[in-house]
Amino acid sequence: MVATVSIIAVVLGLVFVLHVVNKLSVRVTNVNGQEGPVTVNTPAPASINIPIYVVGPTTLVQKLINAGINQSLIKPATINQLPNLPNNSIIVIDWSVLGPSIVINGSSSKSEVNLASPVIGLLGTLFKHGDLIILYGSRSELVTMEFVLTYSWAREFNITIAFGSEKYYPVPAFIMPISSNMTAIMAFVKPGHGRYLIIRPIYVDNITMAVVTWHELGSGLAILPQSYSGDDVSLENTNPCWAYYEYGVPSGFIFIWGGSLVTGNNPTWGIPAYTDSLGDEFYYDSCLLIYDQVSTAYSPARIASIAYGMVAYSLSQSGYVWAYVYQEIAGYDLYSSYTEFAYGLNPYVPIDYPVNSFYANSGTNIIQPTPTSPSFTISLPPSVSITYPNVCVGVDNTYGTTPYPGNYAYNFTWIFTPGTGCVGSDTPATYIYGFSTGLPGYPAFVSIPGYSTPSSSAQISFFLPFYAEVSLKPETITPWPPIPLCIWADAYWLVTLTATSTNSVSLSNASFNVPGSSGQYISGTSSNTCGS
């Protein structure tokens, strides 16, 4: 069923370059010599060979051992010892240890979180030390655990959105399918530069990958992000969210990333959501740029934003014998964002969750890409562009009205058909496509009808659904393939702005209703081609 998942948040007053993960080639060719899908070789994840400090019962220690952690590396610790551990430590904490010190008036349906609790300061200190923090708890506690981690980070590094004289901490959550009743949340900041955060729920079995992700993204290297020179960068077949992570975001924007989890394949392809029995893999990713000021020049007030996304499928040497990539489909549903604000009817959101704003756009063509072939290019301000060759693009712009002039709520769905002639492709490779709602210079925005003036008691939140799917077709010369021909994932963003003067906040403990497939980060599969 589900989890509050995966966020990277980056707030910058300057742009930067990171040289921690491998860059993709600027130009690649597939096995037929055609420019097109990416073929990149990357090293397998390193094994864990550093201490892991554990605060919690012996049952948690056993789960780590079962997940493949060498018992000799597991070091029991207490809460009081954590601030004095070496910088760049790996720390695993059972929520049953922290929860009683920060949750007040908790019940099965709601939790009131004390934002003045010493736990907030403790977690902030661990972020500042460059530690990898992993919280372990039940699915019903995910909302509270993620809120506490994200709030602790925002407060420690003073990451705020200004609304007149008031300031608000951004507390983002990317909700995606996960089926386990017990889960872990990983979180860390870049050593030496704490103004961005990586945070995502994971299966306990993926803790080894969490540690490798932390290591691959620069832990312990003490490399400060540097001001980017401003030279134009041209890439091909690249995840736009990773490109922002690598090359930087525009001044004044907050960057919130759904984030990758490092596996044996390329770590820049986003969330490794599903792997079939032949080694074929399905990926997706989502990230938001949100400006750090609320504009009252519009009615309703709004926050400028651009939503980027990515969908990818890696067709293996074994898989292409059985099926070929027909279409990849993905998008953002702004109309559901509006209807959740207006009516609160979406089954994915707990009925008592306070959604009081919505994501909107100012026109049908304020997107990247628009319908085109045989290639397209998207822009990432200030100076990056990404080209995707050998693909046909269709866009379904289902329209939904709102009563607010200039606030349009479209359900944007991109349809990517690879290969010459828009018929699909059976070349073994990774087919990766990026897109955005909103354009550089013409952003989408978060519309805030409920607040025309700043309020110290305000808690502003919005809901933005994201969808990704891959559709395969069977090869006619082989029997029916032993792999699914349709794989899809329903996910969404819930972003809350909490006033810096707020001392407590009430959170719903209701399970977010996103069906999950066991052991994978998807909503479901089908043995038939999607839509058939």
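What is the handedness of the disulfide between C392 and C422? The torsion about their S-S bond is about -70 degrees, so this disulfide is left-handed. Before going further, note that the model is predicted: local features need pLDDT of at least 70, side-chain atom pairs count only at pLDDT 80 or more, and totals for chains, interfaces and linings use all residues. Residues are numbered from 1 along each chain as its sequence is written, and side-chain values use heavy atoms, leaving out hydrogens and water.

Let's start with the whole chain. It holds seven helices and 32 strands, taken as DSSP runs numbered from the N terminus (helices H or I, at least four residues; strands E, at least two). Of its 532 residues, 62% are buried, where buried means under 20% relative accessible area, exposed over 50%, and partly exposed in between, with a 1.4 Å probe and protein chains only. Among contacts (heavy atoms within 4.5 Å) between residues at least 6 apart in sequence, 78% join residues at least 24 apart.

Now to the disulfides, defined as pairs of cysteine sulfur atoms within 2.5 Å; by this rule there are three. In the pair we opened with, the sulfur atoms of C392 and C422 are 1.7 Å apart. C392 lies in strand β25 and C422 in the loop between β26 and β27, so the bond ties together parts that are 30 residues apart in sequence. C392 counts as buried at 12% relative accessibility, while C422, at 36%, counts as partly exposed.

A second disulfide joins C241 to C287, with an S to S distance of 2.2 Å. It links helix α6 to strand β18, 46 residues apart.

Three strands form an open sheet in the order β15-β24-β23, with mixed pairing; strands pair if DSSP finds at least two bridges between them. Here β23 and β24 run antiparallel, joined by six bridges, and S379 stands opposite S385 in β24. Helix α6 packs on this sheet, touching β15, β23 and β24, and its direction makes about 150 degrees with that of β24. Such axes are lines fitted to C-alpha atoms, for helices over the stretch in contact, with angles from 0 to 180 degrees between N-to-C directions.
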